Amino acid sequence: MRKYIFKRVIAAILTVWVLITVVFFLVRLMPGDPFTNPKLTPEVRENMESYYGFDKPLIVQYGNYMVNLIKGDFGYSMKFTNKTVANIIGETFPFSADLGIRALVLAVSFGLVLGIVSARNRGKGIDFFCVIVAVLGTSIPDFIMGAVLQYGFGIKWGLLPVARYEGIEYTILPACALAFYTLASVSRIMRASMLEVASQDYIKTARSKGLGEFRITAKHQIRNAIMPVMTVMGPTVASVLTGTFVIESIFAIPGMGKHYVDSVSNNDYSMVLGMTLFYGVFLIFCNLVVDILYGVADPRVRIGER
Amino acid sequence: MKRRLIAAIMTAAMAMSLLAGCGVPKSNSSGGSSGGSGDSGASGEKVFRFSTRTEPTTLDPSKGNCIPDTELQNALTERLVRNVKGEVKEGIAEKWEISDDGLVYTFHLRDAKWSDGEPITAEQFVYSWRRLMDPETAAPFAYIGEYIKNGRAVEVGDVEPEELGVKAIDDKTLEVTLEHPTAYFLSMMGLSSLFAPLRQDIVEKYGKDFAADAEKNVYSGPYVLTSSANQKWVFEPNENYWDKDSIKLDRAEMSYVQNQSTALAMYEDGELDFSEIPSADAPNYEGQDHTYRNGNVDYFYYNCDSENEAMNNIDFRLALNYAINRNSYNELVNNGMFTPSTGLVFSGLSGVEKTYGEESTLKGYPMDGDEAKAKEHLDKALKALGKKASDITVTITTTDSDSAKKQAEVCQEMWKTALGINVEVNQVTYAEMLNRQASGEYEIGWGGWGADYDDPYTYLELFKSDSPYNYSKYVNDEVDELLTATQTETDAQKRMDMLHEVEQILIDEAAFFPQAEREVHYLVDDDVEGLNFFHCSINLDWVYADIVE
């Protein structure tokens, strides 16, 4: 296992390096530059270019960037000129992560329950209900979901604040809006997987052994059925925890989401790179955790390793 | 059995939902959250809560480069003078003299203090202005200091910052020498934090992190910034401000709310006291809304270097201009929310006595257009070009925003219908649009401008041949001469006449295709008083706001 993790970490570092290199050169191909303000005069532009070192050859800039990166310095944002990229991520990530964790807990717990219940009651009313939830969840875009919740609970009934993120009551609506899609997809995957496992030989064996339904479901069926859900959890955790543009914009949450979009449209090179790096490392980390958890959940993976 | 399993899982899920977030750093609103929906009355505190759609880019007074930056600094910095709604009032300077040639300004400073109690001295202005112009600082709007003697030379690195035309005679006397007499120098200085004093000790203490957040600066203005965390800026009155009796609020809170509909919802829910209305929602608020004009004008450029020979024909361009029905245009593109316009200079700018628009004698195109006249000019153009109308194709290049798309499509339709020519629309990103303006790769291009200072020159300069803003590569000697002359003319009326003349030439030559002046619709609580609106640099000036019972 240790050797396996070590190998994965080396592969991860290489992946991140390739990612950063590709993005470093790709952002320079975007039209415009970070100083896209029609009011800037050529003189000012020149001063700003030398301030950020753009007057040096690209390969030198790349070298400098990599050296700084190894030292842990992501540089200064080119749009928010007196903030470092690390500073901005440090300020915004806690909000996104907080919201993401709440949404994830909601989504995974209720999604699993829905999936299990509907698989156990296949074809009955409750199954039908679960399927409807799943279809709605995957087909309603989050900006509609967010706006509807905001209008209903925030404005119409006045039960919850409509926006911002300044206390526990502020977190409920955005967490629900964000959770809905994941909840629906988790329940769909879980339901399908439960049904598939139900027809396996070992379930029949368990049943013929005279085990109770509860033990069969809890011990044999769920444990085996949960593997596909775990597979999607890696990327899901990464994307939900690092912020979403739409939900954060609708609920005016000071999270990271907007920087994915804004840094690109502002041509804020250092910010684009910082966000890419952060997201990349986080995604790789989540996938690694999932792989390790596989081993815990499924002994066959461990045996395969040896 | 099965039920118990479900119950167990549900319980666990709920417990986890409650626990979640506990391990994560919570938002610390640092005295910011005004007690739920806490309006001013509840706690007896006077709090003004509003939002900004664009996040301020910096807290460094010298590096501001957009309206939100300037508005924020307006509350935090004090300049020599303060411009309130176009009126120049005393600031740190309690009186000043201007030399007869209009070049030398001598300011006498009052006994004013920084928020930490240190005195504000003339030397701190000198330091700040030198820093602004120093190429090392790379201040985005440094060009505004080119009005000061040697400003440009310092900016490009030809001479040292010490050569800048500003010096401290003593602690309380500041002498400023200008490059040329500038009628709007005081007005401009009163609007911009780029001219605010700075504390060398503070700037050097924090280095590159100077003003990175609220704690890393001291303040000279009416308010101090107590928090800039979590995309919310909290202002509290500066106890050391020289004119603190004029400040009524106990606190102001500005939240960053990118989504305009969200801001409106927050206003509806009582979480904000002021909100702009997105144009799509404007019809729903008729009768409740207020408006101000932000000095932004919409128009199209034509590229004088373009290879489309039709575009270089005056009559053809006049035909295009006469073919636009600007009243219908405004209804179709802007829901009727803006003001249709046939000029370049925002009509609300200050003139000599009244506004520029009221004093104007411009002969523009009729607001409803004039199809007969358009055809007349088209025929002349076609004869000169030796072409049929259907042989002519012009391309509008514009940005990818929805409003820009509508803008282009409405003109396209009007030109096609009235003139029978072919019009194509080409959409590119905003950054690419600016690129193309600079490189001249367009025929008819999206354009828009807002005032940097309260003077027509800020718009007309767009058509001065040596201006960095001459995006249409327009060259007209008469325009150049008049504009240059306005820079030295000290008689206000004569100078203004020249500026009117320049605009008339641009209209007669159809040098651009004017469309509309923007208007902002907003909602504000009845108990908020003393908000000022202005059309350049500072749209919303809430410094003197008050919450009345």
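Mentor: In chain B, Asn325 caps the N-terminal end of H10(B): a side-chain oxygen of B:Asn325 lies 3.0 Å from the backbone nitrogen of B:Asn327. Helices (H or I, at least four residues) and strands (E, at least two) are DSSP runs, numbered from the N terminus. This is a predicted model, in which local features need pLDDT of at least 70 and side-chain atom pairs count only at pLDDT 80 or more, while totals for chains, interfaces and linings use all residues. Residues are numbered from 1 along each chain as its sequence is written, chains are lettered from A and ligands numbered from 1 in the order in which they are written, and side-chain values use heavy atoms, with hydrogens and water left out.

Trainee: Which residues of helix H10 of chain B are buried?

Mentor: Buried means under 20% relative accessible area, exposed over 50%, and partly exposed in between (1.4 Å probe, protein chains only). In H10(B), residues 326-334, the buried residues are B:Arg326, B:Tyr329, B:Asn330, B:Val333 and B:Asn334.

Trainee: How many residues does each chain give to the contact?

Mentor: Contact means heavy atoms within 4.5 Å. Chain A gives 61 residues and chain B gives 70 residues.

Trainee: How many salt bridges does the rule find across the interface of chain A and chain B?

Mentor: A salt bridge is a side-chain nitrogen of Lys or Arg within 4 Å of a carboxyl oxygen of Asp or Glu. The rule finds four salt bridges across this interface. One of them joins B:Asp452 to A:Lys39, with the closest N and O atoms 2.9 Å apart.

Trainee: What is the place of B:Met498?

Mentor: B:Met498 is in helix H17 (residues 492-508) of chain B. With a relative accessible area of 15%, B:Met498 is buried. Not counting residues up to four places away in sequence, B:Met498 touches B:Leu482, B:Ala485, B:Thr486 and B:Glu489.

Notes: Polar contact = N/O pair within 3.5 Å; in protein donor to acceptor, adjacent residues only side chain to side chain.
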